[in-house]
Amino acid sequence: MIEKLKFFLGATANNLWQFRTRNLFSVTIICLSFLTVGIFLMLTNNLRATARTLATNMNIAFYLDPKLPPETVEAIRQEISRPAFVESVTLVSPDEARERFRMSFPELADIAAGLKGNPFPPAFELRVAARASASKEVVAFVEGMKKRPGVTDVLFNQDWVEKMQGFSRLAGAIGAFLGGILILTSFFIISNVVKLNVFARKNEIEILRFVGGTNLFIRIPFWLEGIALGLLGSLLALALLFVVIQVFPLYLGASLGALQELLRFRYPSLPQALLLLGGGAATGWIGSATSVSKFLKV
Amino acid sequence: MIELHHIWKQYQKPYWALSDVTLQINDGDFYFITGPSGSGKTTLLKTIFREILPTEGQILVNGVNILKIRDSRIYTLRRTMGIVFQDFRLMFHKTVFDNVAVPLQVVGVGRKEIRRRVFGTLQKVNLHQKMWEMPGRLSYGEQQRVAIARAVVNNPEIILADEPTGNLDPELAFEIVTLFKEFNKQGATVIIGSHDRELIRHFGDNILFLQKGKIVGKEAHA
């Protein structure tokens, strides 16, 4: 068994080297296909992570009428503290709001100082538990509070979370579509490369049949060849993906500004990397197996 | 033992490549099948190693009806045979050693044993010094000896050779058939398809004459 395995591996290595030009071509195509899939996977990862961060840091601000008596303000506090998803409630006074504005926008500090009164209304800042963020329950609560007398406005970043989740789904779909087409292309290319290799080794295959080689014995080196091509292609794609992750921020970092954090690519996780490699190997194997069974009548 | 019972083969109507061929070849026989071009020598040999199926008839090899063997099990028949072709059918991108080792690799023989047996066989055909050469660098006669070494390395019960001396000069042809004779002495049944009268006259123990697919004569000198 070990002898046969050694023979198969040796035969596969020989075949890969013997037809290296066309094999290199097919590895390149597989690599580009899986690189496309990988880039979209990375983008999806990133958008998902951004959406998650936004959801985790979700705050809702309820702006109040400045003329409200303290007991009404307290009643509102109690009302908004009641739901289970509320983690904390903080009252931001008009003075605190003005101070925050001054700190956040120092270039506009003169304008704020020049105002006669304080235009900033008091507000309740509410922190929502991450598990409940952007849930229907929270949305319904916010909608209800918007209509409550004494609450003049509500600031809620749910839209952003939903947009990020939408982008993430879109990127995933584009990746799956483009990647699918390219993987299908790789599949046909491997199939044709192996077919050419089968034809080129027709004499050898015939000899193997005459000396008593089984169907499996003849097919295994071709299968291994397809798997090796797929694996090499996807491995190369993974390596290029790591290069892209390293180089992309350096190349675009300065011009990205505030978007830098949003587009900071993350390395694919181990299961994702293994999935890419497995996908490459499977594409190679299916491509060669169909070609061999179609064109190798043994 | 090889038994052919009423074998008919038609490639194209209305011509019969083999017409009612009935033949029995015993273990250890040395057989020449001869006849002019197109007489059916190659077809007859091909039916024995089941490269082609006869249109009608029955072929038994060691009591097994080879026409009933499933395609996926043909290797069981082929492993009992060594086949030599007129055009050698060597793998020119592999060394002499690799070419001769193939029948042993197919059955999973260990590397050391393969080396020992390939070297021994190449010694028998006097090619052991060219074990690591590529076949393209060898002469025609040497290439044919590589093909013979490949056919006998597995100690087959039956050796089939289709015009093994077709491309060789008389001296080399004589040398090649002498080799077959030696393997025959060691117990292998040898069947050679040839139209070289000189060789047949010199080596022919049993001769089968074919013409237009029919057996037109048999001679036994043993």
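**Exercise 1. Describe chain A and its confidence.**

Step 1. Chain A comes to eleven helices and four strands. Of its 298 residues, 31% count as buried.

Step 2. Among contacts in chain A between residues at least 6 apart in sequence, 88% join residues at least 24 apart.

Step 3. The average pLDDT of chain A is 80, and 86% of the residues score at least 70. pLDDT is the predictor's confidence in each residue, from 0 to 100.

Step 4. Within chain A, confidence is lowest in helix α10 (residues 259-262), at a mean of 60. It is highest in helix α3 (residues 70-81) of chain A, at 88. Where pLDDT is low, the predicted coordinates should not be read in detail.

**Exercise 2. Find which element gives the most to the side of chain B that touches chain A.**

Step 1. Count the residues: 17 of chain B are in contact with 16 of chain A.

Step 2. On the chain B side, α2 (74-78) and α3 (96-106) of chain B are the elements that give two or more residues.

Step 3. α3(B) gives the most, with four residues.

Step 4. By class, this side of chain B has eight nonpolar, five polar and four charged residues. Ala, Val, Leu, Ile, Met, Phe, Trp, Tyr, Cys and Pro count as nonpolar, Asp, Glu, Lys and Arg as charged, and the others, Gly among them, as polar.

**Exercise 3. Work out how α3(B) packs against α4(B) and α5(B).**

Step 1. Check burial. Ten of the eleven residues of α3(B) are buried. Among them are Val100(B), Ala101(B) and Leu104(B).

Step 2. Take helix α4 (residues 111-124) of chain B. It packs with α3(B) at an angle of about 125 degrees, with the axes 10 Å apart. Axes are lines fitted to C-alpha atoms, for helices over the stretch in contact, and angles run from 0 to 180 degrees between N-to-C directions.

Step 3. Classify. That angle makes α3(B) oblique to α4(B). Angles under 35 degrees count as roughly parallel, over 145 as roughly antiparallel, 65 to 115 as roughly perpendicular and the rest as oblique.

Step 4. List the contact. α3(B) contributes Phe97(B), Val100(B), Ala101(B), Leu104(B) and Gln105(B). α4(B) contributes Ile114(B), Arg117(B), Val118(B), Thr121(B) and Leu122(B). These divide into seven nonpolar, two polar and one charged.

Step 5. Repeat for helix α5 (residues 140-152) of chain B. The angle with α3(B) is about 30 degrees, and the axes are 7 Å apart. α3(B) and α5(B) are therefore roughly parallel.

Step 6. Val96(B), Asn99(B), Val100(B), Val102(B) and Pro103(B) of α3(B) meet Val146(B), Ala149(B) and Arg150(B) of α5(B).

**Exercise 4. Locate the backbone exceptions in chain B.**

Step 1. Most residues other than glycine have a negative phi, and most peptide bonds are trans.

Step 2. The peptide bond from Lys13(B) to Pro14(B) is cis, with omega near 0 degrees. Pro14(B) sits in the loop between β1 (2-9) and β2 (18-25).

Step 3. Arg50(B) has a positive phi, near 55 degrees. It lies in the loop between α1 (41-48) and β4 (56-61) of chain B. Arg50(B) counts as partly exposed because it has 18 C-beta neighbours inside 10 Å.

Step 4. Arg89(B) has a positive phi of about 50 degrees. Its place is the loop between β6 (81-84) and α3 of chain B. With 16 C-beta neighbours inside 10 Å, Arg89(B) counts as partly exposed.

Technical notes
Residues are numbered from 1 along each chain as its sequence is written. Chains are lettered from A and ligands numbered from 1 in the order in which they are written. This is a predicted model: local features need pLDDT of at least 70, side-chain atom pairs count only at pLDDT 80 or more; totals for chains, interfaces and linings use all residues. A residue is buried if 20 or more other C-beta atoms lie within 10 Å of its own, exposed if 12 or fewer, and partly exposed in between; C-beta atoms are placed from the backbone. Two residues are in contact if their C-beta atoms, placed from the backbone, lie within 7 Å.
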